[in-house]
Amino acid sequence: NDQFARDGLRVLAVAYRPLDSEHIGEDKWGMQTLEDNMVFLGLVAMSDPPRQGVREAIEKCHRASIRIIMVTGDYGLTALSIAKKIGIVQGDDARVVSGLELADMDDNQLKEALKGEIVFARVAPEQKYRVVNALQELGEVVAVTGDGVNDAPALKRADVGFAMGSGTDVAKEAGSIVILDDNFKSIE
């Protein structure tokens, strides 16, 4: 799993659980018990390559002193690999902060972490909002991209919210600008 993630692949684990048909419908088959004693089948690794031109667009942003921070629901190793491939992260000392770690940070620790190269992974919507808020408190002008209902609070809080055209109506209403082609190059 970690090797696939380091290669920038998204990974799903596949498992099953045999059910005794005579007990189906009984209370013992709730979601919690269905997910116990699973039989692991394997991993499925999927490639979702970056769009053409994204790396170049990110390079232009860096040359213009625009800092890009990835805040994603992806697994940390996958997020870091993708961030390196497209040039968001340039050094070898970038920090990956998971949603669990972020939850344990106070605001001062978060602001200190934001001073270096950082990737946020497995974050909840309220945590994305918190990152935006911390950056603004540091005096940064913040732009946010998003496409889902869960992105709406951060899109609204940002100085500029870029909602993706293929996203939800909630995200589009929360954003300042709708990017019809869903392409970072259009934002650059």
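This is a predicted model: local features need pLDDT of at least 70, side-chain atom pairs count only at pLDDT 80 or more; totals for chains, interfaces and linings use all residues.
**A chat about the strands and the surface patch**

Biologist: Is V44 buried, exposed or partly exposed?

Modeller: V44 is partly exposed, because its relative accessible area is 37%, and partly exposed covers the range between under 20% for buried and over 50% for exposed.

Biologist: Which residues form a nonpolar patch on the surface?

Modeller: V44 belongs to it, together with L12, V14, Y16, V39, L41 and M46. Together they have about 580 Å² of accessible area.

Biologist: And which elements give two or more residues to that patch?

Modeller: Those are β1, residues 10–16, and β2, residues 39–46. The largest share comes from β2, with four residues.

Biologist: Let's switch to sheets. What is the strand order in the one with β3?

Modeller: It runs β3-β5-β4, an open sheet of three strands with parallel pairing. The edge strands are β3 (70–71) and β4 (95–98), and each of them pairs on one side only.

Biologist: How many bridges link β3 and β5?

Modeller: Two bridges, in the parallel sense, with β5 covering residues 118–121. To find one in the structure, look at M70, whose bridge partner in β5 is V119.

Biologist: What about the sheet with β6, which order does that have?

Modeller: The order is β6-β7-β8, again an open sheet of three strands with parallel pairing. β6 (143–146) and β8 (177–179) each have a single partner strand, so one side of each is left without a neighbour in the sheet. From one strand to the next, the twist averages 25°.

Biologist: Over how many bridges do β6 and β7 pair?

Modeller: Over four bridges, in the parallel sense, and β7 takes in residues 160–164. A143 stands opposite V160 in β7.

Biologist: Zooming out, how many helices and strands does the protein chain have?

Modeller: There are 10 helices and eight strands. The C-alpha trace spans about 65 × 35 × 35 Å along its principal axes.

Biologist: What share of the residues is buried?

Modeller: Buried residues make up 36% of the 188 in the chain. The accessible surface of the chain comes to about 11,300 Å², and 51% of that belongs to carbon and sulfur atoms.

Technical notes: Residues are numbered from 1 along each chain as its sequence is written. Side-chain values use heavy atoms; hydrogens and water are left out. Two strands pair if DSSP finds at least two bridges between them. Patches are made of residues with over 30% relative accessible area and no salt bridge: like charges are joined within 9 Å, nonpolar side chains (Val, Leu, Ile, Met, Phe, Trp, Tyr) within 5 Å. Accessible areas come from the Shrake-Rupley method with a 1.4 Å probe; for residues, only the protein chains shown count as cover. A salt bridge is a side-chain nitrogen of Lys or Arg within 4 Å of a carboxyl oxygen of Asp or Glu. Buried means under 20% relative accessible area, exposed over 50%, partly exposed in between (1.4 Å probe, protein chains only). Axes are lines fitted to C-alpha atoms, for helices over the stretch in contact, and angles run from 0 to 180 degrees between N-to-C directions.
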